[in-house]
Amino acid sequence: MHENKILELAVKAADDKRAENIMVLDMKGISLISDYFLICHGNSEKQVQAIATEIKKTAQENEIELKRLEGFDQARWVLIDLDDVVVHVFHKDERVYYNLEKLWGDAPTLDVEGVLG
């Protein structure tokens, strides 16, 4: 499946569980890890787990390989590796602390509203 479709499915799944401040960084040419980072947060551990579960379920339903899922039990920073798309679901406090948006500040952002439209 094309990475744009994977990205679209992941953004919609996160939005379905009311993830906040959904942001997509275009990592092409910047990172060898993936083409896109999807970053969002939840306001509680339960919400973080719900967002991660919905993304995992959506990936499985669409036969997208889930390479790795880490941090689910602690629900502070859940990493979901969908190969060309890496999803970072933070607890709101952890998102501020790690500030991936600033760390990868040279990466262009994509318009998420166009995906959710």
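Stop 1: Select Ile22, Leu38, Ile55, Ile80, Leu82, Val87 and Val89. In this predicted model, these residues touch the most other members of the largest nonpolar core, which has 27 residues. Now colour by secondary structure. Helix 1 (3-16), helix 2 (45-61), strand 1 (20-26), strand 2 (36-42), strand 4 (77-81) and strand 5 (85-91) each supply at least two residues of this core. Which element gives the largest share? Helix 1 does, with seven residues.

**Stop 2: Leu82.** Centre on Leu82 and show its surroundings. Neighbours within four places in sequence are left aside here. Leu82 is then in contact with Ile6, Ala10, Ile55, Ala59, Ile64, Glu65, Leu66 and Val87.

**Stop 3: Ser34.** Go to the loop between strand 1 and strand 2 and pick Ser34. Is Ser34 buried or exposed? Its relative accessible area is 3%, so Ser34 is buried. A polar atom of the Ser34 side chain lies 3.1 Å from the backbone oxygen of Tyr36. Not counting residues up to four places away in sequence, Ser34 touches Met27, Asp83, Asp84, Val85 and Val86.

**Stop 4: strand pairing.** Show strand 1 with strand 2. They run antiparallel, joined by five bridges. Select Glu20: its bridge partner in strand 2 is His41. Strand 1 and strand 6 pair in the antiparallel sense over two bridges. Here Leu25 stands opposite Thr109 of strand 6.

**Stop 5: aromatic pairs.** The structure holds five of them. Select Phe37 and Trp104. Their ring centres are 5.8 Å apart and their planes stand at 90°, so this pair is edge-to-face. It links distant parts of the chain, 67 residues apart: Phe37 is in strand 2, and Trp104 is in the loop between helix 4 (100-103) and strand 6. Phe37 is buried, at 5% relative accessible area. Trp104 counts as partly exposed because its relative accessibility is 23%.

Move on to Tyr97 and Tyr98. They form an edge-to-face pair, 4.9 Å centre to centre, with 90° between the planes. Tyr97 counts as exposed, at 64% relative accessibility. Tyr98 has 37%, so it counts as partly exposed.

**Last selection.** Ring pairs link Trp77, Phe90, Tyr97 and Tyr98 into a cluster.

Notes. Residues are numbered from 1 along each chain as its sequence is written. This is a predicted model: local features need pLDDT of at least 70, side-chain atom pairs count only at pLDDT 80 or more; totals for chains, interfaces and linings use all residues. Side-chain values use heavy atoms; hydrogens and water are left out. A nonpolar core is a set of buried Ala, Val, Leu, Ile, Met, Phe, Trp, Tyr and Cys residues joined through side-chain atoms within 4.5 Å. Buried means under 20% relative accessible area, exposed over 50%, partly exposed in between (1.4 Å probe, protein chains only). Helices (H or I, at least four residues) and strands (E, at least two) are DSSP runs, numbered from the N terminus. Contact means heavy atoms within 4.5 Å. A polar contact is a pair of N or O atoms within 3.5 Å; within protein, one must be able to donate a hydrogen and the other to accept it, and residues adjacent in sequence count only if both atoms are side-chain atoms. Two strands pair if DSSP finds at least two bridges between them. Rings of Phe, Tyr and Trp (its six-membered ring) pair if their centres lie within 6.5 Å; planes under 30 degrees apart count as stacked, over 60 as edge-to-face and the rest as tilted.
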